[in-house]
Amino acid sequence: MAKYRMVRTEFWKNPIVSEEMTPEDKYFYLYLLTNPHTTQIGIYRITKKQMAFDLGYSIESVHSLMERFTRHHKLIRYNPETRELAIKNWGKDNLHKGGKPIMDCILSELKEVEDTSLIRYVAEKIHKQEIRSLYESFCEPERMSFDQEDRENEPSVDVEEEEVDDTFMRRDTIRGQKEKEKENKKEKQQQKAFTPSIENNPDIEDQALVQNTSDVQEIVVFWDNNGFGFSNVNAKQQLLSWLDDSSFLQPKEVILKAMTIACANNKRKLNYVIGILKNWENESLLTAQEIDAYHEHQKPIPKHRQATESFPAGRAIPSGFELDLTAGEEW
C-alpha cells in the first residue's frame, strides 16, 4: 500500500462536489479517498468506529454520512458484514497506468476482497482495459453460475429468434433482474440469520448503534478521568477494539473491570489492561460475574487461618481420663 494518495485538481470541478456536497460532505469524501486504510484497488476494510475517531465525529454522524454517500450521492458502497468499502470512481481517477508492479499489487489486493460484488462495482468505471479485465476476472465465477442457472430456467427458443437483437437485449435485461433478485434474496437471508428479530422490531439496529456508542463513551470517559492518558488516542482505539473483536459476552463491563484493577495496582498502561483481558479470555471468563466468582474462589487463605487449621491448639485428652487438681502436692 502506498504511503500517499493523490487528489487531482479536477476533484473540485466535479459538479457533484461543487454543487451538491456540503462542506462536511467534501471533508468526508477527501477522508474516504486518502485515509491510511485505502488500497490500490479502491476497496478497503474499515469500521465506522475507526472513521469516527479519525474524523473526530460521533458514530451517529458517520452513520448519517455513510447513508448520504451511499443513497444520495451514490459514490460508495459498504458491506456491514465484511466491513468493506468501495469507491465508485476510484478506477477512473487513479488506475491509469499498468505495468507488472502495479498489476501484481492490484492482483494481490483483489484476492483479499471478500465481497466480489464490490469488485464489479469499481470495475465499471475503469477505462484502462488491461486493469478492467483483471477486475472482471474475479467476477467470472459468479457470472458463470448466474448464466448457467438462467439457461436452465429459460424456455427453449428457435435459432432465428436468438439472432434478433431485440430478443438478445431482452434476455440480458431478464438476466440482470434475476441477478438483482438473487442478491436481494441472499442479503435478506443473511440478515434473517444474523438478526432474526429485526423484522419484528425495525428500530433494533438503531438501538444497537446507540448502545454501542454509549459503551464507547463510558470507556473513554473512564480512561480520561483516571490518568491513562487523555491524548493517547491510539491506545484508546486499541482498547475499544475489544468491544467488537473479543469473545466476552459483556465486553464493556469486562473492560471497565480490567481498567479498575489497573488503577488499583497503579498500572495505568494499555499493555497491562490488555494483559488482564487476555488472561480472562484464556480462562474462558466471559462475563463480569464469572470473573468475580473466579477471583473469589482463587482468593488466598489468610495466614492466621492457615496456622489455626494446620496446627490445632493443645493435645487430645484420652477417654476415661479424670483430672486430679491435687496430684503431685504434699501436705
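Predicted model: local features only at pLDDT ≥ 70, side-chain atom pairs only at ≥ 80, totals over all residues.
Modeller: Helices are DSSP runs of at least four residues, numbered from the N terminus.

Colleague: How many residues does H16 have, and what span does it reach from its first C-alpha to its last?

Modeller: Helix H16 comprises 13 residues, 270–282. Its end-to-end C-alpha distance is 18 Å, close to the 18 Å expected at 1.5 Å a residue. After the helix comes Ser284, with a positive phi near 60°.

Colleague: Which residues of H16 are buried, and which exposed residues lie on the face turned away from the buried side?

Modeller: An α-helix has 3.6 residues a turn, so residues three or four places apart point the same way. In this case the buried residues of H16 are Leu270, Val273, Ile274, Ile276, Leu277 and Trp280. They lie on the same side of H16 because they cover an arc of only 155° around the axis. Asn271 and Asn282 are exposed on the face turned away from that buried side.

Colleague: Why is the pair of Tyr29 and Phe69 tilted?

Modeller: The ring centres of Tyr29 and Phe69 are 5.6 Å apart and the planes meet at 50°, so the pair is tilted; planes under 30 degrees apart would count as stacked, and over 60 as edge-to-face. The pair again links distant parts of the chain: Tyr29 in helix H2 and Phe69 in helix H4 (residues 59–72), 40 residues apart. Phe69 is buried, its relative accessible area being 0%. One aromatic cluster unites Phe11, Trp12, Phe28, Tyr29 and Phe69.

Colleague: Which residues have the most contacts inside the largest nonpolar core?

Modeller: In soluble globular proteins, nonpolar side chains tend to be buried together. The largest core in this model has 42 residues, and those with the most contacts inside it are Leu32, Leu85 and Tyr135. Beyond its neighbours within four places in sequence, Leu32 is in contact with Thr38, Tyr44, Phe69, Ile76, Leu85 and Ile87. A second, separate core of 26 residues includes Trp223, Leu239, Met259 and Leu285.

Colleague: How many bridges join strand S2 to strand S3, and do they run parallel or antiparallel?

Modeller: Strand S2 (residues 76–79) runs antiparallel to strand S3 (residues 84–87), and four bridges join them. The two strands form a hairpin with four residues between them, and Arg83 in the turn has a positive phi of about 60°. Tyr78 stands opposite Leu85 in S3.

Colleague: Where is Glu67 placed?

Modeller: Glu67 is in helix H4, and is partly exposed at 30% relative accessibility. Its C-alpha lies 9.5 Å from that of Tyr78, 11 residues apart in sequence.

Key: Residues numbered from 1 in each chain as written. Heavy atoms only, no water. Expected span 1.5 Å × (residues − 1). Buried < 20%, exposed > 50% of the residue type's maximum accessible area, 1.4 Å probe, protein only. Arc of directions from axis to C-beta. Phe/Tyr/Trp six-rings, centres within 6.5 Å; stacked < 30°, edge-to-face > 60°. Core = buried A, V, L, I, M, F, W, Y, C linked by side-chain atoms within 4.5 Å. Contact = heavy atoms within 4.5 Å. Pairing = 2+ DSSP bridges.
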